[in-house]
Amino acid sequence: MTAKAAGLLRDMDIQAMETQAALRCAPLIAGIKTACLLIIKKEQAADAQKLFGGTHLAYFALCSTDRKTILLICRRRELEGYLARQPVRELLSEAGYEDAALEKLLCVFGDRYAACLEGRGSFPHEMGLFLGYPPEDVRGFIRQNGRNFLFAGCWKVYGHPEEKQRLFRCFELAEEGLLRLLSQGFCLKELLKYA
């Protein structure tokens with residue numbers, strides 16, 4: 001997060017669902033990321049449906065706990081195209097995903113993520129694929145058990161560090177820009193019409 005973004009955030013309600021959506025989804029909303037996770041209070045699920053419903057962004061309820069709802073927000077066609085790429089398909093297959101349909105993939109992933117949250121399973125590291133992370137970084141993380149990375153930003157990087165540093169900087173600028181618009185009184189629902 002940039003210093004300007006942190007300054008803007010001081011005057012916002014950090015618990016508000018729109019603020020959380022702006023913080024977690026800014027690169028997606030700006031069109032430079034394929035998907036993001038949005039973890040909100042369970043009682044905010046209907047607000048999320050109203051916010052993202054009727055926009056170009058798709059949302060999937062992955063799982064819920066007694067207090068939280070975990071949503072995957074994405075550009076559906078882009079995510080489907082990314083998940084169909086050969087290196088991504090190989091990683092998903094290695095992780096035990098057999099079906100290629102997005103809903104079925106997300107159903108399996110949601111079950112695995114819920115099992116992890118409930119202490120019934122290990123963390124599903126393939127999450128990075130559903131968030132559009134580069135397959136070399138997801139593979140590197142899995143093979144290296146999260147160690148020996150080149151640097152850590154939005155995720156741990158195992159290849160093409162200069163490219164990823166530029167990308168992470170774009171993510172920060174998207175977040176700052178979106179927070180600036182919200183602080184100026186723009187409504188996130190209106191901004192999503194252009195996403």
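Arg-180 and Glu-176 join their side chains in a salt bridge, with N and O 2.8 Å apart. This is a predicted model. Both residues sit in helix 9, and because they are four residues apart there, about one helical turn separates them. Arg-180 is partly exposed, at a relative accessible area of 33%. Glu-176 counts as buried, because its relative accessibility is 8% and the cut-off for burial is under 20%.

Elsewhere, salt bridges with shared partners tie Arg-76, Glu-80 and Glu-103 into one network. The side chains of Arg-76 and Glu-103 meet at 2.6 Å, N to O. This pair links distant parts of the chain. Arg-76 is partly exposed, with 29% relative accessibility. Glu-103 is partly exposed too, at 42%.

Return to helix 9, which spans residues 161–183. Here Glu-172 forms a salt bridge with Arg-169, and their closest N and O atoms are 3.3 Å apart. The two are three residues apart in the helix, so about one helical turn separates them. Glu-172 is partly exposed, with a relative accessible area of 27%. Arg-169 is likewise partly exposed, at 41% relative accessibility. In total, the structure holds 11 salt bridges.

Now turn to helix 5, residues 86–94. Which of its residues are buried? They are Val-88, Arg-89, Leu-91 and Leu-92. These residues cover an arc of only 160 degrees around the axis, so they lie on the same side of helix 5. What does the face turned away from that buried side carry? It carries the exposed residues Gln-86 and Glu-94. Helix 5 therefore has a buried side and an opposing face with exposed residues.

What covers the buried residues of helix 5? The cover includes helix 4, helix 6, helix 7 (127–130) and helix 8 (135–144).

Follow the chain past the end of helix 5. Just after this helix comes Gly-96, which takes a positive phi of about 95 degrees.

Note on methods:
Residues are numbered from 1 along each chain as its sequence is written. This is a predicted model: local features need pLDDT of at least 70, side-chain atom pairs count only at pLDDT 80 or more; totals for chains, interfaces and linings use all residues. Side-chain values use heavy atoms; hydrogens and water are left out. A salt bridge is a side-chain nitrogen of Lys or Arg within 4 Å of a carboxyl oxygen of Asp or Glu. Buried means under 20% relative accessible area, exposed over 50%, partly exposed in between (1.4 Å probe, protein chains only). The arc is that of the directions from the helix axis to the C-beta atoms. Contact means heavy atoms within 4.5 Å.
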